[in-house]
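Subject: Structure handover

Hello,

Here is the structure we talked about. Please load it first; my notes follow below.

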Amino acid sequence: MKVSSSIENLVPYKPGKPIEETKRELGLSEVTKLASNENALGVSQKVVEAISQAAHEIHRYPDPSCHKLTHKVASHYNMSAKKLAFGNGSNEVIDLLIRIFCEPDDNIVTSKAAFVAYKVCATAARVHVKEAPMTEDLRFDLEKIKQLCEEHKPKIVFIANPNNPTGTYLTKTELFEFVESQKNKTDQLIVIDEAYFEFVRAEDAPNALELLDSYQNVAVIRTFSKVFGLAGLRLGALFAHEKILDYYNRVRNPFNVNSLSQAGALAALDDKDYLKASQDMVWSGLDYFYKELQDMGVAYWPSQANFVLIDVKKNAVSVYEELLKLGIILRPVNNYGFESLLRLSVGTHDENQKAIQALKTVLKK
Ligand SMILES: Cc1ncc(COP(=O)(O)O)c(C=O)c1O
């Protein structure tokens, strides 16, 4: 069967290498995975209990409106419930926004080395992706993005803040000035993806939800996969103007958020100790990495997320393969055009130490 050339040439999203596969292929009994920006704290016990309870009802369809969850998430983020909808992970939200607002041969604009899902979802929808170069310090270059917007009249501009895989961020002043500059473009949606919002420590970083009352062409994405530790349940949130949500709710599968996911997220929002422990683990883990990397003379980009991008100054895929043999899975980012960079997610302190030890061994060779 013939498919369109965009599907034929589509490079699929490549997730981090699974632990079991690594054990099997390399005959290892112990493997540490710091490759997928997951929450290394493990699952909140409150979430496990809520899901066990909800399991007794899985013969029924889930609540298609996510009524309880909508109200709880809205109050958690101090937003109106009318401005909120959910997706099967924020990946589905990205996919649906493209399907709603773009026709084949339309454009989206983002940055080079922006989170790869924007490109994958757009290409799958036969939508062209125009990427602005990054600044030298691997941040989104909003001036270049503005130029692309003028030139290509995109239907959507995607901004990941902080960005994955760079961990870099735009300040509140930079982002808000950009949004203001685009306010008359009523046919252009600016999607601000704040998947790592809770891990941000920079005091000058924005909370993009503050933009929603003033700008109807802005949408904000958050996820339950990171600080809440629910990556396996698949839950993402979309905050936007009611008109956008109206389209979103027409297009989405009515049962896109399953009942275990809804129950788990409700419990996660109540487990404040878990949320604080997640943040503390990530912040102390990053500080530990920074100190060790400095001692090793390995360059890195200070990160506002739960991972750090490092420069191994040689072919990063070979370093990744050497690390695999030592039972450490990191993430090469050659698919983003970075040949010598590796992304290292924060794990438990023990996992972080193992990763640093293995890096020392491999980089000494
Ligand atoms: C910037 C960014 N946005 C969105 C996602 C997708 O998250 P999920 O689909 O698990 O909600 C990720 C995942 O790593 C990410 O890094």
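Two residues count as in contact if their C-beta atoms, placed from the backbone, lie within 7 Å. This is a predicted model: local features need pLDDT of at least 70, side-chain atom pairs count only at pLDDT 80 or more, and totals for chains, interfaces and linings use all residues. Residues are numbered from 1 along each chain as its sequence is written.

Helix H8. Helices (H or I, at least four residues) and strands (E, at least two) are DSSP runs, numbered from the N terminus. H8 spans residues 172–181, and its buried residues are Leu175, Phe178 and Val179. Buried means 20 or more other C-beta atoms within 10 Å of the residue's own; exposed means 12 or fewer, and partly exposed is in between. Down the axis of H8, the buried residues fall within an arc of 95°, so they line one face of the helix. The arc is taken over directions from the helix axis to the C-beta atoms. Thr173, Glu177 and Glu180 are exposed, on the face turned away from the buried side. The cover over the buried residues of H8 includes helix H7 (142–152), strand S6 (189–193) and strand S7 (218–223).

Core. The largest nonpolar core has 105 residues. Such a core is a set of buried Ala, Val, Leu, Ile, Met, Phe, Trp, Tyr and Cys residues joined through C-beta atoms within 7 Å. Domain 1 (5–43 + 273–364) and domain 2 (45–271) both give residues to this core, so it lies between them. Those bounds come from an automatic or database domain assignment.

Regards
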